[in-house]
Amino acid sequence: MMKKEDTYYLGKIVKKYGLKGELLAKIDTDEPENYEKMESIFLEIKGKLIPFFLNNSSLHKATTLRLDIEDINSLEDADPLIGKSIYLPLNTLPELTGNKFYFHEIIGYKAIDKNTGEIGIIKAVNDQAPQAFFIIEDNKHNEILIPVSDQFIDQVDRENKSILFDTPEGLIDIYKK
């Protein structure tokens, strides 16, 4: 059984397409073309991840996938899948290099600032706000927020599990009590 922590969220099934039970899924990715020709997906149903095999997956529009799911052959078959979240195994993610990273990948990394030194440990990334930000906890359990922005990220060091930031003067000091 696939566990949610071993997967990543790809998107959500938003509506039916055509009369043969095909579905359209809105996907959350910068590279939608990577998700054409998939063989299977996991859908979250009643809190569990259920595997579904695909006859075909193709881009419908820029961020929409058209899914032809095995054994879903009619509009009635497709109805219960609308609104379901789609997940894929983490091991299917392309490996990133340099200063590019997946949010889940850098949790637990040490945050260091060029100017002020060690900040703390990255506990999470909040991407629900208009501007995503790192949530970092220092050794006094203060929460420090740094926007996820290329201009503040100097280096991602996977080997030493750390990120070197170059933050504007005073940003880190705001959080020090």
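Glu22 and Arg66 form a salt bridge in which the closest N and O atoms are 2.9 Å apart. Glu22 belongs to strand E2 (residues 22-27) and Arg66 to strand E5 (residues 64-69), so this pair ties together parts that are 44 residues apart in sequence. With a relative accessibility of 16%, Glu22 counts as buried, because that value is under 20%. Arg66, at 29%, counts as partly exposed. The model described here is predicted.

**Salt bridges**

The structure holds 6 salt bridges. Another of them joins the side chains of Lys4 and Glu44, at 3.0 Å from N to O. Lys4 lies in the segment before strand E1 (7-17), while Glu44 lies in strand E3 (residues 40-45); the pair therefore ties together parts that are 40 residues apart in sequence. The side chains of Lys110 and Glu118 also meet in a salt bridge, with an N to O distance of 4.0 Å. The relative accessibilities of residues in these pairs are listed below.

| Residue | Relative accessibility | Class |
|---|---|---|
| Lys4 | 39% | partly exposed |
| Glu44 | 21% | partly exposed |
| Glu22 | 16% | buried |
| Arg66 | 29% | partly exposed |
| Lys110 | 33% | partly exposed |
| Glu118 | 53% | exposed |

**Overall architecture**

The protein chain comprises 1 helix and 12 strands. Read from the N terminus, its elements follow the order β-β-β-β-β-α-β-β-β-β-β-β-β. The radius of gyration is 20 Å, well over the 16 Å that the globule rule gives for 177 residues, so the protein chain is more spread out than a compact globule. Its C-alpha trace spans about 60 × 30 × 30 Å along the principal axes.

Of the 177 residues in the protein chain, 37% are buried. Among contacts with a separation of 6 or more, 53% involve residues 24 or more positions apart. The accessible surface of the protein chain amounts to about 10,800 Å², and carbon and sulfur atoms contribute 48% of this area. The protein chain carries 22 positive and 31 negative charges, whose mean positions are 5 Å apart.

**Surroundings of Ile50**

Ile50 is located in strand E4 (residues 48-61). Its relative accessible area is 30%, and Ile50 is therefore partly exposed. When residues up to four places away in sequence are not counted, Ile50 touches Ile41, Phe42, Leu43 and Ile45. Ser149, by contrast, is 99 residues from Ile50 in sequence, and the C-alpha atoms of these two residues are 35 Å apart in space.

Methods
Residues are numbered from 1 along each chain as its sequence is written. This is a predicted model: local features need pLDDT of at least 70, side-chain atom pairs count only at pLDDT 80 or more; totals for chains, interfaces and linings use all residues. Side-chain values use heavy atoms; hydrogens and water are left out. Helices (H or I, at least four residues) and strands (E, at least two) are DSSP runs, numbered from the N terminus. The radius of gyration is taken over C-alpha atoms; the globule rule is 2.2 Å times the number of residues to the power 0.38. Buried means under 20% relative accessible area, exposed over 50%, partly exposed in between (1.4 Å probe, protein chains only). Contact means heavy atoms within 4.5 Å. Accessible areas come from the Shrake-Rupley method with a 1.4 Å probe; for residues, only the protein chains shown count as cover. Lys and Arg count as positive and Asp and Glu as negative; His and the chain ends are not counted. The place of a charge is taken as NZ of Lys, CZ of Arg, CG of Asp or CD of Glu.
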